[in-house]
Amino acid sequence: MTKMLRFDAEAARKTEAAYTTPELVAQRREVLRLLALQPGESVLDIGAGPGFLAAEMAAAIEPGGRVFAVDPSESMRELARSRGAALEIRSGSAEALPLPDDSVDVMHARWAYFFGPGCEPGLAELDRVMRPGSRAFVIDNDPTRSTFGGWFRRGYPDIDPTAVERFWSTQGWTRTPVDMGWRFSTRADLESVVRIEFDEATAEAVLAEHEGVEVDYAVNLWSRGF
Ligand SMILES: C[S@@+](CC[C@H](N)C(=O)[O-])C[C@H]1O[C@@H](n2cnc3c(N)ncnc32)[C@H](O)[C@@H]1O
């Protein structure tokens with residue numbers, strides 16, 4: 001999920017539908033395991049979107065922890081509010097985090113802003129808000145693997161996976177490949193999410209070639225300590 005920088009209510013709703021598939025529920029559990037959250041920690045979810053993972057993180061850091069769910073989209077913040085979890089939902093962006101210096105133990109950002117070259121302003125903000133001894137995790141698509149990765153290469157030919165990998169490793173981040181997938185309840189749900197993800201020509205081309213309601217999907221988990 002890459003191209004959307006602004007979410008209107010309809011796009012936010014369709015995106016939320018994609019997040020409730022069993023595969024994404026399982027992937028959130030795997031990500032939670034890798035984050036290894038501890039009670040009392042302060043967690044920052046940048047580009048938290050509809051807030052599914054943020055809500056699960058809030059349960060993991062009780063008692064005494066806090067989860068700050070930051071997103072520039074009011075539609076997304078509204079969906080996050082509907083999770084009913086103890087989230088501190090804030091308007092803001094990766095480039096201008098609404099948090100004080102040295103205040104975060106764990107940062108997570110999935111499919112949001114941190115896509116490699118160009119995200120230096122957000123990385124500078126991380127240097128400011130992350131506490132000494134804290135850890136950060138970024139999840140992005142892996143265009144080198146999976147059916148979805150092939151679609152991604154077609155939709156975003158200017159993104160060079162080698163340059164992206166070099167960018168993260170030069171900044172001291174480590175890559176962990178993670179496999180996941182989408183399985184929608186209806187073909188219409190799959191089609192609407194593909195049409196959000198890609199421009200019209202790419203979306204129609206991949207939908208014409210791909211049958212059914214499932215697609216395998218590979219991501220990279222980038223991590224580093226501060
Ligand atoms: C594809 S959604 C991912 C949502 C969520 N991280 C997840 O995986 O469930 C991308 C989110 O990034 C947010 N976003 C866009 N530009 C951003 C920025 N500059 N800083 C932080 N978040 C941003 C969008 O509003 C949207 O909610």
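**Helices and strands in a predicted model**

Visitor: Across which strands does helix 6 lie, and at what angle to strand 7?

Guide: Helix 6 (residues 147–155) lies across strand 5 (130–141) and strand 7 (214–225), and its direction is at about 80° to that of strand 7, where angles run from 0 to 180 degrees between N-to-C directions and axes are lines fitted to C-alpha atoms, for helices over the stretch in contact. Helices (H or I, at least four residues) and strands (E, at least two) are DSSP runs, numbered from the N terminus. The model is predicted, with local features needing pLDDT of at least 70 and side-chain atom pairs pLDDT 80 or more, whereas totals for chains, interfaces and linings use all residues. Residue numbers start from 1 along each chain as its sequence is written.

Visitor: What makes strand 3 and strand 6 stand at the edges?

Guide: The open sheet has seven strands in the order 3-2-1-4-5-7-6, with mixed pairing, and two strands pair if DSSP finds at least two bridges between them. Strand 3 (87–91) and strand 6 (174–183) each have a single partner strand, so one side of each has no neighbour in the sheet.

Visitor: Why do strand 2 and strand 3 count as paired?

Guide: Five bridges join strand 2 (residues 66–71) to strand 3, and because at least two are required, they pair. The two strands run parallel, and Val67 has Leu87 of strand 3 as its bridge partner.

Visitor: Which residues make the contact between helix 8 and helix 9?

Guide: Helix 8 (residues 187–197) and helix 9 (residues 200–209) pack at about 145°, with axes 8 Å apart. Glu191, Val194 and Arg195 of helix 8 meet Ala203, Val206 and Leu207 of helix 9, contact meaning C-beta atoms, placed from the backbone, within 7 Å.

How values were computed: Two residues are in contact if their C-beta atoms, placed from the backbone, lie within 7 Å.
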